[in-house]
Amino acid sequence: MAVSRINVFDPDTPLQASGIDSLDLMEWVYDMQEQYPDLGVDESIVESIDDTVTFRGIHQQLLAVHRVAVAPATGGA
């Protein structure tokens, strides 16, 4: 919500269905590059967006690149 003007954010909703556009994503990429220069976020992440990509999926992808254990996206206790 800090990046976009959307009112409700669900990390499991596909980005294109959530109201987030490519300009919002580019702003997010530049912010991530400034705050976390070693994370490896670049503009190519925006090119990989399709009808199924979610913020949680992007987050898990970034963690996997850095070999950080990722909890399941959904699930019970």
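**Aromatic ring pairs in the predicted model**

W28 is buried, at a relative accessible area of 13% (buried means under 20% relative accessible area, exposed over 50%, and partly exposed in between, with a 1.4 Å probe and protein chains only). The model is predicted, and local features need pLDDT of at least 70, side-chain atom pairs count only at pLDDT 80 or more, and totals for chains, interfaces and linings use all residues. Residues are numbered from 1 along each chain as its sequence is written, and side-chain values use heavy atoms, with hydrogens and water left out.

Two aromatic pairs are found in the structure. Rings of Phe, Tyr and Trp (its six-membered ring) pair if their centres lie within 6.5 Å; planes under 30 degrees apart count as stacked, over 60 as edge-to-face and the rest as tilted. F9 and F55 make an edge-to-face pair, with 5.4 Å centre to centre and 70° between the planes. F9 belongs to the segment before helix 1 (22-35) and F55 to helix 3 (residues 55-65), so this pair ties together parts that are 46 residues apart in sequence. Helices (H or I, at least four residues) are DSSP runs, numbered from the N terminus. F9 is partly exposed, at 33% relative accessible area, whereas F55 counts as buried at 16%.

W28 and F55 also pair edge-to-face, at 5.2 Å centre to centre and 80° between the planes. With W28 in helix 1 and F55 in helix 3, the pair ties together parts 27 residues apart in sequence.

Notes. Helix = DSSP H or I, 4+ residues; strand = E, 2+ residues; numbered from the N terminus.
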